[in-house]
Amino acid sequence: MLGTQFTKGSPNWLDLGSPDTDAAKEFYSAVFGWELLSAGPEGGGYGFFQQDGRTVAALGPLTEEGADSAWTVYFQTPDADATQKAAEAAGGAVRLGAFDVMDAGRMAALTDPGGARFAIWQPGAVQGLQRTSSTNTLVWVELHVADPETVLGFYRTLFDWRWAEMEAPGMTYRVVSTAEGDQEDASFGGAAELQDFTEGPRWIPYFAVEDADAIAASAQGNGGSVVMPAADIPDVGRIAWLKDPFGAPFAVLKPAPMG
């Protein structure tokens with residue numbers, strides 16, 4: 001279960017790069033009920049999506065040349081510079097070298113050997129997201145690459161991740177956990193081979209919802225699109241893949257009842 005007691009390798013931050021932050025704010029406010037708190041004049045247009053005053057994600061303008069609108073998953077590191085160096089040595093690429101974000105923390109933007117973009121966050125004043133795994137917040141992250149086993153090996157060198165294979169319809173799915181604690185309890189995401197609808201290697205955030213069909217309809221009604229209509233996944237729940245009005249993909253999950 002994705003929590004907010006972050007350890008090495010935990011997804012601890014999530015932000016959206018958008019060509020129109022005002023329109024993106026309106027879309028996600030309509031779909032998830034989020035409010036946006038500006039990071040202030042020094043933030044360069046960056047802001048924090050909040051629910052009841054707790055940060056659940058963030059939003060900023062596109063800053064990389066030629067970048068498409070997309071969600072970026074950040075993983076916790078005790079040393080951003082060391083993790084960046086390890087990523088390069090293991091076949092990854094550095095898109096943005098480690099730098100301090102005022103007193104909030106230190107980050108770097110990287111790409112794994114499978115072509116999926118991600119970032120790392122070394123906490124300073126900002127530890128990470130303040131609410132996860134509840135309605136309309138981040139509940140799961142999923143890696144889609146051509147060779148999940150090899151790419152997970154790359155992440156293992158950075159974060160000591162563990163994973164367990166499970167058979168899913170037409171594929172082998174790998175449930176990924178951080179290094180610490182009970183493996184099932186420490187799971188936060190999964191890895192799967194590229195599917196037709198995934199449009200290239202990427203990390204996809206899943207948001208927990210009470211009604212996947214209603215959220216899909218709301219996304220479509222507010223200028224987004226449905227990539228994969230809501231469908232039931234045994235023992236998991238009901239999921240749908242969506243895109244916001246600027247093409248950033250994300251997924252929603254109504255979790256199956258526990259027990």
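What covers the buried residues of helix α2? Let's start there, and keep in mind that we are looking at a predicted model.

The cover includes the strands β6 (93-101), β7 (105-111) and β8 (117-123), along with helix α3 (148-159). And which residues are being covered? In α2, which runs over residues 80-89, the buried ones are Ala80, Thr83, Gln84 and Ala87. They lie on the same side of α2, because their arc around the axis is only 100°.

At its start, a side-chain oxygen of Asp79 comes to within 3.1 Å of the backbone nitrogen of Asp81. After α2 comes Gly91, with a positive phi near 100°.

Staying with phi for a moment: most residues other than glycine have a negative one. Here are two residues with a positive value. Asp52, which is not a glycine, has a phi near 55°. You will find Asp52 in the loop between β3 (47-51) and β4 (54-61). Asn136 is not a glycine either, and its phi is positive at about 65°. Asn136 sits in the loop between β8 and β9 (138-145). Are these residues buried or exposed? Asp52 is exposed, with a relative accessible area of 68%, whereas Asn136 counts as buried at 14%.

Let's move on to a sheet. This one is open and has 8 strands, in the order β10-β11-β12-β9-β13-β16-β15-β14, with mixed pairing. Which strands stand at the edges? They are β10 (162-168) and β14 (225-233); each has a single partner strand, so one side of each has no neighbour in the sheet. On average, neighbouring strands here are turned by 25° against each other, ignoring direction.

Zoom in on one pair. Strands β15 (residues 237-243) and β16 (residues 249-255) run antiparallel and are joined by 7 bridges. One example is Ile239, whose bridge partner in β16 is Leu253.

Helix α1 (residues 21-32) touches β13 (202-208), β15 and β16, and its direction makes about 10° with that of β16. Helix α4 (residues 212-221) touches β14, β15 and β16, and its direction makes about 10° with that of β15.

Note on methods: Residues numbered from 1 in each chain as written. Predicted model: local features only at pLDDT ≥ 70, side-chain atom pairs only at ≥ 80, totals over all residues. Heavy atoms only, no water. Buried < 20%, exposed > 50% of the residue type's maximum accessible area, 1.4 Å probe, protein only. Helix = DSSP H or I, 4+ residues; strand = E, 2+ residues; numbered from the N terminus. Arc of directions from axis to C-beta. Contact = heavy atoms within 4.5 Å. Polar contact = N/O pair within 3.5 Å; in protein donor to acceptor, adjacent residues only side chain to side chain. Pairing = 2+ DSSP bridges. Axes fitted to C-alpha atoms, helices over the stretch in contact; angles between N-to-C directions.
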